[in-house]
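Please read these points with the structure open beside you.

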Protein chains: 2
Amino acid sequence: MNDKILSISRRTRETPYSRRVEAAGVKGYTVYNHMLLPTFFDSNEADYWSLCEDVQVWDVSCERQIEVVGPDSERLIQLMTPRDISKASIGQGLYAPLCDENGGIVNDPVLIKFASDDWWISIADSDVRLWARGLAQGFGFDVQIREAAIWPLAVQGPKAEELVTRVFGDEVPGIRFFRSKMLEYKGKPMMVMRSGYSKQGGFEIYLNDADLAEPLWDELFARGQDLKVRAGGPNLIERIESGLLSYGNDMNYSHNPFECGLDAFIDLDADIDSMSLPALRALAGKHLHQLVGLVFEQPVEFAGYAVIADNRVVADVRSQVWSPRYRKYLAMAMMRRDFLAENQSLTVDGKIGRIVDLPFDFDAIC
Amino acid sequence: MNDKILSISRRTRETPYSRRVEAAGVKGYTVYNHMLLPTFFDSNEADYWSLCEDVQVWDVSCERQIEVVGPDSERLIQLMTPRDISKASIGQGLYAPLCDENGGIVNDPVLIKFASDDWWISIADSDVRLWARGLAQGFGFDVQIREAAIWPLAVQGPKAEELVTRVFGDEVPGIRFFRSKMLEYKGKPMMVMRSGYSKQGGFEIYLNDADLAEPLWDELFARGQDLKVRAGGPNLIERIESGLLSYGNDMNYSHNPFECGLDAFIDLDADIDSMSLPALRALAGKHLHQLVGLVFEQPVEFAGYAVIADNRVVADVRSQVWSPRYRKYLAMAMMRRDFLAENQSLTVDGKIGRIVDLPFDFDAIC
């Protein structure tokens with residue numbers, strides 16, 4: 001497909017940063033949680049090098065925070081995820097698949113225990129709010145559920161810690177991965193977490209006052225000039241190289257977490273009331289597909305998404321990109337496990353691709 | 001904002017018609033129910049005249065069909081909407097807001113009673129499936145809920161009946177508005193309903209076999225050549241002139257159906273088990289805002305969406321467009337009712353706009 005224009009309307013919601021994003025020269029968007037998500041400013045490749053070498057500021061307001069408050073908040077959250085959340089501490093983030101009664105993945109958010117009766121679900125692209133409200137209504141839980149007025153801003157890249165420290169102070173370097181501190185910006189405390197959708201390191205600032213969006217953006221750019229700060233967004237090349245999953249791309253509601261290699265986030269033996277656990281216990285080891293990496297030495301033209309071998313569809317290509325760093329063509333594909341058991345490679349477009357585990361291990365591959 | 005590129009991926013799902021849509025020269029898309037929706041092919045205005053004078057074929061696959069099957073299907077559907085569905089007949093479509101326990105609008109779909117235990121929810125842009133599954137799980141309803149493999153294709157415009165009759169036969173003209181017949185295409189029966197998101201007349205074909213998408217598309221174009229058939233999509237000019245609401249644009253989850261003028265679709269006195277009715281009964285007549293039309297004689301530049309008068313925000317502009325037919329600038333705005341009670345006009349950008357009821361009555365306006 002050639003480039004197409006995105007028709008923007010109120011339904012594809014703008015963010016408090018949108019004017020700055022536009023002024024920074026955004027060229028592409030996607031729509032994520034009914035909201036604009038900037039995808040690239042210069043080009044995917046130029047943005048990639050800036051992210052890996054310096055520091056970028058990303059408008060990730062579309063990571064909407066579904067806030068669940070009330071006496072039954074933890075009970076509802078636990079019902080929605082097969083990961084045991086009972087030991088989470090205040091301010092901690094937990095990556096956790098949300099799964100329905102069949103084990104299907106509804107979303108793969110970061111759960112944040114903001115206070116003992118106040119959980120935030122930092123969602124990927126599906127209306128988790130509606131699912132949570134349906135469950136709460138049906139089970140009669142005592143909770144309030146809302147999309148909070150929080151507008152996350154990510155600062156990502158090797159120089160992110162330096163930049164965020166300049167703006168938020170000396171407590172920043174002491175924040176551990178997926179932990180947060182409440183730090184003041186212009187007198188207003190807001191959550192700063194070491195997290196973000198890249199493997200280049202960085203932070204997410206959970207801005208809680210839309211009026212501070214432009215001042216914060218401007219200050220990050222003013223203080224980061226010598227660090228070569230640029231506007232950016234989740235980068236297709238970097239996230240595939242890093243094996244970061246994207247809900248809706250690499251997996252969706254029709255998949256279960258075993259197929260996606262999310263076994264570590266399922267507490268099969270935990271004594272918790274999670275609606276997906278019975279189904280997941282029955283599924284364990286019996287799932288038919290596995291998300292794998294494919295590595296080709298040259299660019300590959302997939303004909304559609306289905307990969308055919310032995311006269312049957314053996315894989316469904318979910319994401320793909322040329323890696324300028326490794327000079328390889330990388331794909332993520334949902335592959336039949338019976339094919340996987342007997343093959344370490346496959347042929348697409350006349351080129352042989354290696355089948356590898358995710359995340360990609362470039363020391364082994366190169 | 002200048003034109004931006006839409007970054008397309010698996011998450012912004014393609015449809016069985018996508019290759020034909022691309023070949024027809026689509027220039028813009030939006031993302032709707034996580035799926036590509038073509039917005040224009042030539043220009044909004046050229047597409048508008050083609051729609052109003054001839055006939056267009058629209059890929060509206062993004063009108064996903066959430067199918068609710070089982071003994072409790074009608075009970076669940078009724079719980080979700082304040083419209084009394086008990087008298088619906090098989091094959092009938094019912095426009096019906098879905099509302100939560102606070103009266104907030106979750107979606108404004110067309111409900112279709114496909115069979116006595118089989119309802120289709122032809123959804124606007126929100127994940128109704130998740131809400132329905134949450135409710136069904138919590139209440140313990142005996143239903144199956146799935147996004148059906150149905151790919152609606154709309155044929156719209158004054159020549160639509162002629163074109164659909166040529167392809168589906170002589171039973172087509174006898175189909176009444178929002179009624180359907182099961183008609184065969186290449187030996188396969190599929191639902192054909194007189195409906196669609198324009199006021200130019202037409203049909204929606206609920207294609208149930210993706211392999212027939214391209215043959216159907218091709219046949220409509222081959223048989224419609226003399227009717228000047230064109231590819232199109234929901235047209236911003238036409239839908240605003242016609243006062244057709246767009247969920248996410250003109251209203252969202254924060255609004256209730258009274259604010260949107262949907263009173264006719266709320267059966268306040270019905271003896272039905274609908275979760276929103278208690279809240280809606282309490283709200284009736286007490287809602288603070290009303291969706292109205294604004295009419296300006298010249299193009300208007302709104303500064304943002306908030307309209308200020310008497311030093312306060314009196315309206316939130318939701319949709320706007322220049323009407324080439326009426327030579328007026330039209331907007332739909334959510335307005336404070338106390339302002340509305342005392343004003344028949346307001347000033348924006350130095351220009352006076354009339355405040356009118358929706359849908360626009362151009363005989364009165366012009």
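**Notes on the two-chain model**

1. Helix 4 of chain B has twelve residues, which at 1.5 Å a residue should span 16 Å, and its end C-alpha atoms are 16 Å apart, so the two values agree. The expected span is 1.5 Å times one less than the number of residues. Helices are DSSP runs of H or I with at least four residues, strands are runs of E with at least two, and both are numbered from the N terminus.

2. This is a predicted model, in which local features need pLDDT of at least 70 and side-chain atom pairs count only at pLDDT 80 or more, while totals for chains, interfaces and linings use all residues. Residues are numbered from 1 along each chain as its sequence is written, and chains are lettered from A and ligands numbered from 1 in the order in which they are written.

3. Is helix 4 of chain B mostly covered or mostly open? Ten of its twelve residues are buried, so to speak mostly covered; buried is defined as 20 or more other C-beta atoms within 10 Å of the residue's own, with C-beta atoms placed from the backbone. Among the buried residues are Trp131(B), Arg133(B) and Leu135(B). Just after the helix, Gly140(B) takes a positive phi of about 70°.

4. The contact between the chains takes 41 residues from chain A and 41 residues from chain B; two residues are in contact if their C-beta atoms, placed from the backbone, lie within 7 Å. On the chain B side, helix 4 gives the most, with nine residues.

5. A rotation of 180° with 0.0 Å of shift along its axis superposes chain B on chain A, with an RMSD of 0.0 Å. The two copies are therefore related as by a two-fold rotation axis. The superposition is by least squares on the C-alpha atoms of residues with pLDDT of at least 70 in both copies. The same surface serves both copies, as 100% of the contact residues of chain B recur in chain A.

6. Ile5(B) is the bridge partner of Gly28(A).

7. Within chain A, six strands form an open sheet in the order 18-19-20-17-22-21, with antiparallel pairing. Its edge strands are strand 18 (306–309) and strand 21 (345–348), each pairing on one side only. Strands 18 and 19 of chain A share four bridges, and Ile308(A) stands opposite Val313(A).

How values were computed. Two strands pair if DSSP finds at least two bridges between them.
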